[in-house]
Amino acid sequence: MHILSTDIDGTIYESDTDAEIFASGWTELSRSLDDTFLIYNTGRSAESVEELVGSTSLPSPDLLISDVGTTIHSEQITPSDWESHLIPPEWDRERIDDIVVNWIPDIERQPARCQSEAKISYYWHDAQIEVREQLSRKLTEEGLPHQLIYSSNKDFDILPPNGGKGGALRWVCESLGFSLRDAVVAGDSGNDSAMFELPDVQRIIPANAHADLLFAIKDLPSFQASGACATGVIEGLEKLWQDTCVSR
Ligand SMILES: [Mg+2]
């Protein structure tokens with residue numbers, strides 16, 4: 001198998017040109033290798049991805065992980081199986097939200113369309129790592145399982161521990177009988193680091209990646225592309241999959 005799990009914004013899409021570059025590169029690779037599997041792994045909602053795929057050249061994925069690794073869309077997956085894995089009995093989004101807004105004065109809830117049972121989302125500018133660690137300790141003391149994800153120096157998501165782009169990708173691969181060794185991950189910002197931290201995957205970092213991702217994965221072997229966005233991702237795939245690519 002040749003599995004690509006890629007973020008969308010800033011990774012394969014910033015403009016229509018990026019969408020075209022990704023689409024033509026991916027089509028070429030899929031022709032050369034007959035066992036490719038495309039996963040979009042994004043903070044966007046499923047509706048927003050559907051709209052984007054409908055209005056740009058981006059190809060439809062074989063499977064979609066949306067809302068920062070909290071929802072999975074695939075005919076091969078039973079949603080209730082994923083939900084029972086994702087949401088532990090102790091998950092209590094109301095109590096977590098109460099603690100967060102009382103504890104951090106300058107935090108702002110994202111709009112309702114960005115919230116779900118398994119995702120509590122805020123805008124929190126310049127959140128210091130020490131304060132995030134204190135918050136995590138506080139939630140743990142209160143017996144509230146959680147995972148904190150901070151991205152682009154403003155987006156702050158609280159998810160159940162099994163969620164996130166990495167947790168969802170791992171579960172998808174286990175459920176479909178795929179090996180993480182066959183997976184390549186690509187992303188450009190902090191919420192992608194959980195994919196990069198999975199063992200055995202290969203990793204592509206486009207040249208435009210944010211400092212928060214670079215810092216989080218500084219000790220992991222990765223392909224650092226010279227191209228930005230889609231150009232960099234295709235460059236990485238051609239390099240990592242070259243021994244199995246047959247030129248036609
Ligand atoms: Mg991104």
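Select S10 and S11 to begin: the two strands run parallel and are joined by two bridges. (Strands here are DSSP runs of E of at least two residues, helices are runs of H or I of at least four residues, and both are numbered from the N terminus; two strands pair if DSSP finds at least two bridges between them.) Within that pairing, click on isoleucine 204, whose bridge partner in S11 is phenylalanine 223.

Before going on, bear in mind that you're looking at a predicted model, where local features need pLDDT of at least 70 and side-chain atom pairs count only at pLDDT 80 or more, while totals for chains, interfaces and linings use all residues. Residue numbers start from 1 along each chain as its sequence is written.

**The seven-stranded sheet**

Now widen the selection to the whole sheet. It is open, has seven strands with mixed pairing, and reads S4-S3-S2-S1-S9-S10-S11. At its edges are S4 and S11 (223-224), each pairing on one side only.

Next, pick S9 (residues 183-186). On one flank, S9 pairs with S1 (residues 2-6) in the parallel sense over four bridges; on the other, three bridges join S9 to S10 (residues 202-205), also parallel.

Which residues of S9 are buried on each side? Ala183 and Val185 are on one side, Val184 and Ala186 on the other, and all are buried. (Buried is 20 or more other C-beta atoms within 10 Å of a residue's own, exposed is 12 or fewer, and partly exposed is in between, with C-beta atoms placed from the backbone.)

Keep valine 184 selected and show its contacts, meaning residues whose C-beta atoms, placed from the backbone, lie within 7 Å. Leaving aside neighbours within four places in sequence, you'll find Ile3, Leu4, Val201, Gln202, Ile204, Leu237 and Leu240.

**The core**

Val184 also belongs to the largest nonpolar core, which has 57 residues; Phe22, Val172, Val184 and Val233 touch the most other members. (Such a core is a set of buried Ala, Val, Leu, Ile, Met, Phe, Trp, Tyr and Cys residues joined through C-beta atoms within 7 Å.) Both domain 1 (2-85 + 163-244) and domain 2 (93-159) contribute at least three residues to this core.

**Helix H6**

Jump to H6 (residues 164-176). Its end C-alpha atoms are 18 Å apart, which agrees with the 18 Å that 13 residues should span at 1.5 Å a residue (the expected span is 1.5 Å times one less than the number of residues). H6 is mostly covered, with ten of its 13 residues buried, among them Leu169, Trp171 and Val172. Step just past the helix and you reach glycine 177, with a positive phi of about 75°.

Most residues other than glycine have a negative phi. Two to look up, then. Aspartate 67, in the loop between S3 (63-66) and S4 (71-73), has a phi near 55°. Is aspartate 67 buried or exposed? Aspartate 67 is buried, with 23 other C-beta atoms within 10 Å.

Serine 152 also has a positive phi, about 55°, and is found in the loop between S7 (147-151) and S8 (155-159). Serine 152 counts as partly exposed because it has 16 C-beta neighbours inside 10 Å.

In S7, select glutamine 147. It is partly exposed, with 18 C-beta neighbours inside 10 Å. Not counting residues up to four places away, glutamine 147 touches Leu159, Pro160, Pro161, Gly163 and Gly164; the C-alpha atoms of glutamine 147 and proline 160, 13 residues apart along the chain, are separated by 5.7 Å.

**Domain against domain**

Finally, colour by domain: domain 1 (2-85 + 163-244) and domain 2 (93-159), with bounds from an automatic or database domain assignment. Their C-alpha centres lie 25 Å apart. The contact takes eleven residues from each of domain 1 and domain 2.

Conventions
Two residues are in contact if their C-beta atoms, placed from the backbone, lie within 7 Å.
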